[in-house]
Amino acid sequence: AFPATMSSIKIECVLRENCRCGESPVWEEVSNSLLFVDIPAKKVCRWDSLSKHVQRVAVDAPVSSVALRQLGGYVATIGTKFCALNWEDQSVFVLATVDKDKTNNRFNDGKVDPAGRYFAGTMAEETAPAVLERHQGSLYSLFPDHNVKKYFDQVDISNGLDWSLDHKIFYYIDSLSYSVDAFDYDLHTGQISNRRIVYKMEKDEQIPDGILQTVKLPVDKTTSCCFGGKDYSEMYVTCARDGMDAEGLLRQPDAGGIFK
């Protein structure tokens with residue numbers, strides 16, 4: 001667990017990856033590795049925490065999330081496709097495609113529920129950070145049998161997916177709504193219901209992307225986080241450098257890195 005006092009938390013940049021938009025950190029216990037993606041650079045990365053070596057697999061479209069697969073290898077959201085990724089031969093196999101009528105869309109945040117369903121939402125491609133055609137996205141889930149369920153549409157930037165510890169509540173963020181929403185969740189069927197706002201942000205607060213305690217990092221554009229390491233006592237944080245000018249990059253040389 002984290003130390004009791006915030007001042008005793010040690011923060012370090014463990015990988016200076018220069019991600020344009022690092023996202024979707026996932027800890028893989030069996031390999032002591034951190035998986036993450038760089039969305040616009042179209043690459044999935046795996047950083048070995050023991051050897052400090054990083055491997056990268058290039059794909060053919062923006063890749064917004066990655067998750068572990070029970071059969072081995074990974075699943076990822078690439079463009080508007082749910083895909084299986086074989087790390088050994090770097091091959092990608094398409095499992096399902098969504099938003100076929102919206103050629104400017106791509107997936108954004110994606111997470112797997114405790115029953116193995118891969119939830120992910122879409123959005124229009126940005127012309128600048130948080131600048132995009134509104135209400136083009138939808139929320140989907142890929143079931144273990146590769147069937148896809150669509151939950152709702154009219155989404156701006158699908159983000160911040162998570163479940164309560166008892167799996168009875170599903171949390172969701174549409175970033176430009178400036179709110180964190182909750183749904184009743186049926187783990188057996190994957191159904192969501194009874195949408196309500198559980199936290200409403202003021203417009204001068206940062207755009208909501210995920211849900212976490214406040215810890216100050218030496219970069220402005222943090223994007224996501226996950227727990228990992230021995231006993232899952234460490235937090236890893238991804239961040240971005242897209243949209244920063246030369247002065248900003250000079251002031252924040254670790255922008256786009258991976259922090260612990």
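Here are some questions and answers on the strands and aromatic rings of this predicted model.

Residues are numbered from 1 along each chain as its sequence is written, and side-chain values use heavy atoms, without hydrogens or water. Because the model is predicted, local features need pLDDT of at least 70 and side-chain atom pairs count only at pLDDT 80 or more, while totals for chains, interfaces and linings use all residues.

Q: Which residue in β9 stands opposite Phe82?
A: Strand β8 covers residues 81-86 and runs antiparallel to β9, with six bridges joining them. Across from Phe82, the residue in β9 is Ala96.

Q: What kind of aromatic pair do Phe119 and Tyr185 form?
A: Rings of Phe, Tyr and Trp (its six-membered ring) pair if their centres lie within 6.5 Å; planes under 30 degrees apart count as stacked, over 60 as edge-to-face and the rest as tilted. Phe119 and Tyr185 are 5.9 Å apart centre to centre, with 65° between the planes. That makes the pair edge-to-face.

Q: How many residues apart are Phe119 and Tyr185?
A: Phe119 belongs to strand β11 (residues 118-124) and Tyr185 to strand β16 (residues 179-186), so the pair links distant parts of the chain. The two are 66 residues apart.

Q: Is Phe119 buried or exposed?
A: Buried means under 20% relative accessible area, exposed over 50%, and partly exposed in between (1.4 Å probe, protein chains only). The relative accessible area of Phe119 is 0%, so Phe119 is buried.

Q: Which residue lies over the face of Phe152?
A: Phe152 is in a ring-pair cluster whose members include Phe119, Trp163 and Tyr185. A charge sits over a ring if NZ of Lys or CZ of Arg is within 6 Å of the ring centre and within 35 degrees of the ring normal. At 4.6 Å from the ring centre of Phe152 lies Arg195.

Q: Leaving aside neighbours within four places in sequence, which residues is Ser164 in contact with?
A: Ser164 sits in the loop between β14 (158-163) and β15 (169-174). Its relative accessibility is 13%, so Ser164 counts as buried. With contact meaning heavy atoms within 4.5 Å, the residues are Ile169 and Tyr171.

How values were computed: Pairing = 2+ DSSP bridges. Helix = DSSP H or I, 4+ residues; strand = E, 2+ residues; numbered from the N terminus.
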